[in-house]
Protein chains: 4
Amino acid sequence: MAGAFWKTSISKVEPNKIVVRGYNLMDLIGKYNYADLTYLLWRGELPSTEHSRMMDALLTVCLEHSLNAPSVDAARFVASSGVPLQTAVSAGIAAIGEWHGGAIEQAAKVFQEAVTRMNENQTSPAEMAEEILREHSERNIKVPGFGHPTHTQDPRTVKLIEIAKHTGLYGTHVELAQNMESRTEKVFGKHLILNVDGCIAAVISDMGFDWRLGKGFFIVSRTPGLIAHAFEQMYRERPYKAPDWSEIAYTGPPERKPPK
Amino acid sequence: MAGAFWKTSISKVEPNKIVVRGYNLMDLIGKYNYADLTYLLWRGELPSTEHSRMMDALLTVCLEHSLNAPSVDAARFVASSGVPLQTAVSAGIAAIGEWHGGAIEQAAKVFQEAVTRMNENQTSPAEMAEEILREHSERNIKVPGFGHPTHTQDPRTVKLIEIAKHTGLYGTHVELAQNMESRTEKVFGKHLILNVDGCIAAVISDMGFDWRLGKGFFIVSRTPGLIAHAFEQMYRERPYKAPDWSEIAYTGPPERKPPK
Amino acid sequence: MAGAFWKTSISKVEPNKIVVRGYNLMDLIGKYNYADLTYLLWRGELPSTEHSRMMDALLTVCLEHSLNAPSVDAARFVASSGVPLQTAVSAGIAAIGEWHGGAIEQAAKVFQEAVTRMNENQTSPAEMAEEILREHSERNIKVPGFGHPTHTQDPRTVKLIEIAKHTGLYGTHVELAQNMESRTEKVFGKHLILNVDGCIAAVISDMGFDWRLGKGFFIVSRTPGLIAHAFEQMYRERPYKAPDWSEIAYTGPPERKPPK
Amino acid sequence: MAGAFWKTSISKVEPNKIVVRGYNLMDLIGKYNYADLTYLLWRGELPSTEHSRMMDALLTVCLEHSLNAPSVDAARFVASSGVPLQTAVSAGIAAIGEWHGGAIEQAAKVFQEAVTRMNENQTSPAEMAEEILREHSERNIKVPGFGHPTHTQDPRTVKLIEIAKHTGLYGTHVELAQNMESRTEKVFGKHLILNVDGCIAAVISDMGFDWRLGKGFFIVSRTPGLIAHAFEQMYRERPYKAPDWSEIAYTGPPERKPPK
């Protein structure tokens with residue numbers, strides 16, 4: 001085995017048996033739901049009841065946002081060109097990037113590093129919140145996980161915090177994030193809401209997730225919707241989606257002749 | 001609105017409100033789980049208790065199969081080359097094809113057309129099963145959803161049928177599929193098991209799903225595992241995965257000189 | 001070597017030497033251009049002077065078509081979401097499908113099968129052209145490679161045929177395709193132009209290419225443009241491209257309350 | 001036009017006319033080759049004779065490297081799963097990442113910033129070369145574009161420099177890169193060759209390209225080969241490629257029973 005090309009701690013397969021993180025998958029089906037098994041795959045352990053409830057909320061709260069998401073537009077353009085369903089979904093997932101779901105990772109990193117500093121320096125969440133905001137303000141960069149172009153209060157943030165409190169999982173990272181939100185106006189001169197990316201980031205940090213898994217939550221959340229959009233485009237709409245010429249402004253050089 | 005570039009029946013977004021298939025998403029979070037909301041996205045309605053249980057089993061039963069899946073190998077090669085997590089997952093989903101998860105769609109089509117014929121011709125599942133197998137045998141094509149290179153009895157099929165019976169969702173399509181399985185030896189000269197693709201195909205057909213959504217189940221099932229594999233490759237293994245030269249046999253022409 | 005995991009006839013690599021289809025790649029650089037080496041990779045042989053000229057024309061004639069191509073729209077949406085350049089290009093290539101570049105493959109298959117029948121049955125191009133059109137008309141399916149939503153005469157077709165004549169590569173497949181074009185009005189009641197997909201299909205058939213390589217020509221042609229579009233979107237435009245809400249019509253059910 | 005959804009300086013299309021960067025595409029076909037038109041798309045201008053020759057060499061010199069490239073392995077796994085050709089190619093391109101082709105971008109950035117400093121501080125290439133290497137050594141990071149696991153002298157680097165000298169395009173960036181190569185042993189204690197990524201980076205910098213276009217050269221170079229590999233996998237090999245179980249080492253927890 002030492003020389004095996006691949007190594008994995010995730011699962012092993014034998015004839016008539018599939019073992020995931022040590023558990024026979026068939027012992028789990030029907031007892032643990034999709035969110036539980038996602039947790040198992042990512043953490044290596046089954047979740048507690050509280051983590052189970054929170055995990056399910058995390059994977060559903062940003063389920064859909066209509067065409068106001070580059071991933072959905074990309075998936076639908078691809079779907080219109082005559083490809084199998086999974087190709088369009090794949091393109092949609094490729095479009096989850098630093099400006100689209102990526103703030104979960106970035107914000108979780110900020111929160112986790114800040115909480116480490118809080119613990120080291122015995123700082124309060126309120127003090128640390130202002131410190132972090134000022135650091136971003138001074139370097140003239142956006143604070144990931146704050147602000148939204150459509151929502152003035154992100155309903156998904158409200159819901160997640162409600163469930164975090166209800167399950168007893170409300171912890172220092174969410175407390176810090178809320179302290180940051182309430183000080184954005186003071187530091188930046190305008191109120192920036194804690195958006196769903198930022199809130200997911202804070203909650204998964206309280207749950208002990210590695211910040212580098214942040215985009216995983218967004219990918220799983222959006223996959224069923226990308227499938228629904230690709231399906232709708234393929235079977236309810238005309239093929240070969242393209243914008244009207246009036247929607248394309250040409251800004252290049254005027255017509256000219258080549259030297260040869 | 002008549003002239004809007006996009007049309008969708010899936011969701012709409014207003015400031016502070018996200019509506020999915022008519023429901024305010026925030027009214028659903030915490031009450032309906034991930035499988036329920038996937039059902040809602042794909043069917044337009046919330047599932048009954050029985051459909052909810054079955055849906056969750058369908059989305060978890062083929063969660064993982066280790067590296068014995070081209071999608072996982074592809075995702076891990078991509079992950080090793082220095083790209084963001086979602087890019088590797090996207091490549092894994094692109095690898096779900098006609099020979100990898102695609103049998104769900106193909107088998108669901110076969111089962112649904114066969115049940116229509118059964119109903120029209122008042123044929124029994126046993127008769128129709130043999131008829132379908134013979135048609136494939138005569139055209140010398142494989143029956144989608146049957147046979148497996150590793151498993152002699154697919155444990156996932158056993159589990160799904162158990163849950164289908166328990167929830168009262170066991171219906172004509174699964175009955176037909178099992179009748180087909182028990183006649184494969186008679187028609188093809190060797191026993192071909194009803195594999196998980198074939199069983200999912202039969203169960204979703206009994207639940208009333210459009211066969212063209214078949215790959216959707218496989219995509220959602222495998223996405224958390226693809227994320228786990230990509231993560232493991234990126235953060236636990238060395239970059240730039242490549243086979244040893246001894247694993248690559250060159251079968252091209254001998255060395256030669258170009259005319260110029 | 002018998003047990004090597006991979007087999008390939010395309011290239012082999014040794015320390016300080018790369019051999020492509022038998023040729024030391026360094027013996028070719030500077031003497032054979034990009035189109036020649038693409039030909040070598042796909043055919044296993046270096047092209048004649050005529051094939052070289054034609055190949056280059058085939059790979060450049062459909063270089064760009066602005067945003068009127070789902071692949072470009074998809075690539076630009078992906079590029080806007082904060083991902084590396086290659087991810088956006090990859091999504092663009094994923095969008096080359098049956099309705100977008102795919103007609104090359106389909107038409108080349110039609111032309112190659114038709115020419116085989118012509119040879120077997122001693123039919124003239126004119127007779128066979130009408131026969132093929134009538135077969136499509138009777139089955140009520142579109143003839144791949146004919147018709148265009150923007151162009152009334154596809155300038156790319158004109159150019160390719162000019163070069164095919166000039167290089168002496170004008171052959172039976174192009175002759176058949178032109179015979180088909182001139183009979184579309186008779187059979188379908190309206191003139192359908194031989195579009196660039198159809199013309200590429202006919203030319204590569206005359207050159208002896210396998211029809212299943214058809215999309216390869218389109219992919220290579222469009223890749224530099226996809227790179228230019230992704231670059232422009234990433235560095236000249238704002239991130240997170242999304243349509244205005246007025247461009248998204250919601251066609252789903254009215255708002256309602258969930259049972260739970 | 002002010003309100004058009006898309007803006008592009010790359011091309012415009014009118015009935016029967018396609019204009020690329022101001023030129024009627026049909027005026028170019030047959031006179032300018034694929035490399036020239038790629039240059040036009042990326043620079044906005046047609047190349048000089050020297051730039052044309054160099055461009056073609058840049059786009060062909062790293063054409064193929066067999067399976068010793070994660071992109072090719074990924075593309076072939078995807079191709080084996082039963083998908084269209086372009087899907088496999090798309091996955092291959094997605095695998096071009098920071099460790100696979102990405103050094104072009106990184107090295108071009110290093111060279112361009114270094115040459116700016118040379119000009120500002122009147123430093124010689126030899127001095128600057130050592131300075132840059134020391135900076136990397138002190139920060140304990142690799143110098144992008146140097147070193148290769150297979151080649152002890154990269155034949156592609158030799159060829160590119162030969163053509164750069166021949167066309168008169170050998171400039172300060174390549175000079176700097178060669179000065180760096182000859183000082184790697186002094187600074188790092190072992191000789192690191194200027195590899196093809198590093199050499200392309202230096203040459204395109206001398207030609208005036210934006211370093212952020214670096215991966216574009218690698219993408220275009222590898223696309224025809226990815227097509228050849230995908231085609232070979234689809235039509236010459238068995239479907240559903242998967243490693244033997246002996247090649248997969250399971251490193252997870254031992255088997256255990258779930259609490260429920």
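Analyst: B:Asn68 is buried, at a relative accessible area of 10%; buried means under 20%, exposed over 50% and partly exposed in between, with a 1.4 Å probe and protein chains only. This is a predicted model, in which local features need pLDDT of at least 70 and side-chain atom pairs count only at pLDDT 80 or more, while totals for chains, interfaces and linings use all residues. Residues are numbered from 1 along each chain as its sequence is written, chains are lettered from A and ligands numbered from 1 in the order in which they are written, and side-chain values use heavy atoms, with hydrogens and water left out.

B:Asn68 sits in the loop between α3 (49–60) and α4 (70–79) of chain B; helices are DSSP runs of H or I, at least four residues, numbered from the N terminus. With neighbours within four places in sequence left aside, B:Asn68 is in contact (heavy atoms within 4.5 Å) with B:Thr150 and with D:Tyr240, D:Ala242, D:Pro243, D:Trp245 and D:Ile248.

D:Ala177 belongs to helix α9 (residues 172–188) of chain D and has a relative accessible area of 0%, so it counts as buried. Outside four places in sequence, its contacts are D:Phe111, D:Phe146, D:Leu194 and D:Ala202. From D:Ala177 to D:Val203 the C-alpha distance is 9.6 Å, for a separation of 26 residues in sequence.

Chain D also meets chain C, in a contact of 78 residues from chain D and 77 residues from chain C. Together they bury about 7000 Å², 69% of it on carbon and sulfur atoms; buried area is the accessible area (1.4 Å probe) that two parts lose on being put together, summed over both. On the chain D side, D:Trp6, D:Tyr34 and D:Gln86 lose the most area to chain C, together 12% of what that side buries.

Now the cysteines. Over all chains there are zero disulfides, a disulfide being a pair of cysteine sulfur atoms within 2.5 Å. B:Cys199 is in none, and the nearest cysteine sulfur, that of B:Cys62, is 11 Å away. B:Cys199 is buried at 0% relative accessible area. C:Cys199 is in no disulfide either, with the sulfur of C:Cys62 the nearest at 11 Å, and C:Cys199 is buried at 0% relative accessibility.

Note on methods:
Helix = DSSP H or I, 4+ residues; strand = E, 2+ residues; numbered from the N terminus.
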